[in-house]
Amino acid sequence: MGAKSPVRPLAWTVVLLCVFSAAQAAEKAAPSDKELIASALRAAPPGVAKDATVVVAGAEGHMRTLREGKNGFTCMPDNPDTPGPDPMCMDKNALEWAMAWMSHKPPPGGKVGLMYMLEGGTDASNTDPYAAKPTASNHWIKTGAHVMVVGADASFYDSYPKSADPDTSQPYVMWAGTPYQHLMAPIK
């Protein structure tokens with residue numbers, strides 16, 4: 001059996017570095033509840049955020065409450081699977097609208113809601129409510145800080161541009177012509 005090979009210790013070092021890197025990546029992929037709450041609260045003005053409920057989507061879309069609130073608003077943290085920050089905060093009607101959208105069900109009628117996304121959004125098709133990634137035809141957009149009005153009568157949205165490629169520096173309708181159309185209004 002001759003002398004020990006210098007390759008074996010190097011191979012073990014590489015294996016250990018890979019395991020350590022994977023452990024670090026797993027830690028980064030799972031933010032703490034405190035970090036999730038902080039992310040969620042950045043979605044709304046401080047006066048709204050301070051008393052809002054904070055939830056996070058868990059496995060299979062089930063919501064887990066991280067903090068109970070008392071003002072009727074619910075905030076959700078940034079989605080780590082998207083390319084940029086996108087926490088949101090919504091009133092009760094907007095939450096019902098969002099839950100209908102996420103469940104692929106018709107939104108409730110006659111319930112106008114307000115949503116805040118003060119960190120903006122970087123990951124949405126302007127024409128397809130269920131697009132998961134940009135394509136040549138789904139008009140992927142990036143928006144700055146904005147509020148959304150959801151659940152209004154269709155005639156409300158007729159007062160605003162409905163272009164597939166909107167000027168995101170002014171109000172426009174996202175997902176025009178779908179049950180989930182809503183007004184996007186920049187605030188900066």
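The legends below describe close-up views of a predicted model.

**View 1. The disulfide between cysteine 75 and cysteine 89.** The structure has one disulfide, formed by cysteine 75 and cysteine 89, whose sulfur atoms lie 2.1 Å apart. The pair links distant parts of the chain, since cysteine 75 belongs to strand β3 (residues 74–76) and cysteine 89 to strand β4 (residues 88–90), 14 residues apart. The link is left-handed, with -60° about the S-S bond. Cysteine 75 is buried, at a relative accessible area of 0%, and cysteine 89 is likewise buried, at 0%.

View 2. In helix α2 (residues 33–41), the buried residues are Leu36, Ile37, Ser39 and Ala40. Seen down the helix axis, these buried residues fall within an arc of 160°, so they line one face of α2.

**View 3. Helix α4, its ends and its buried side.** The buried residues of helix α4 (residues 92–102) are Ala94, Trp97, Ala98 and Ala100. They cover an arc of only 160° around the axis, and therefore sit on the same side of α4. Among the elements that cover them are β4, β5 (113–117), β8 (146–150) and β10 (182–186). At the N-terminal end, aspartate 91 caps the helix, with a side-chain oxygen 3.3 Å from the backbone nitrogen of asparagine 93. Just after α4, histidine 104 adopts a positive phi of about 60°.

View 4. Lysine 92 and glutamate 96, both in helix α4, are four residues apart, about one turn of the helix, and they form a salt bridge in which the closest N and O atoms are 3.9 Å apart. Lysine 92 is exposed, at 58% relative accessibility, whereas glutamate 96 is partly exposed, at 26%.

**View 5. Salt bridges elsewhere in the chain.** Of the six salt bridges in the structure, one joins glutamate 119 to arginine 42, with the closest N and O atoms 3.6 Å apart. Glutamate 119 lies in the loop between β5 and β6 (121–125) and arginine 42 in the loop between α2 and α3 (46–49), so this pair ties together parts that are 77 residues apart in sequence. Glutamate 119 is partly exposed, at 34% relative accessibility, and arginine 42 is also partly exposed, at 43%. In another salt bridge, the side chains of aspartate 158 and lysine 162 meet at 2.7 Å, N to O; aspartate 158 is exposed, at 54%, and lysine 162 is partly exposed, at 36%. Salt bridges with shared partners also join Lys92, Glu96 and Lys111 into one network.

Note on methods. Residues numbered from 1 in each chain as written. Predicted model: local features only at pLDDT ≥ 70, side-chain atom pairs only at ≥ 80, totals over all residues. Heavy atoms only, no water. Disulfide = S-S within 2.5 Å. Helix = DSSP H or I, 4+ residues; strand = E, 2+ residues; numbered from the N terminus. Buried < 20%, exposed > 50% of the residue type's maximum accessible area, 1.4 Å probe, protein only. Arc of directions from axis to C-beta. Contact = heavy atoms within 4.5 Å. Polar contact = N/O pair within 3.5 Å; in protein donor to acceptor, adjacent residues only side chain to side chain. Salt bridge = Lys/Arg side-chain N within 4 Å of Asp/Glu carboxyl O.
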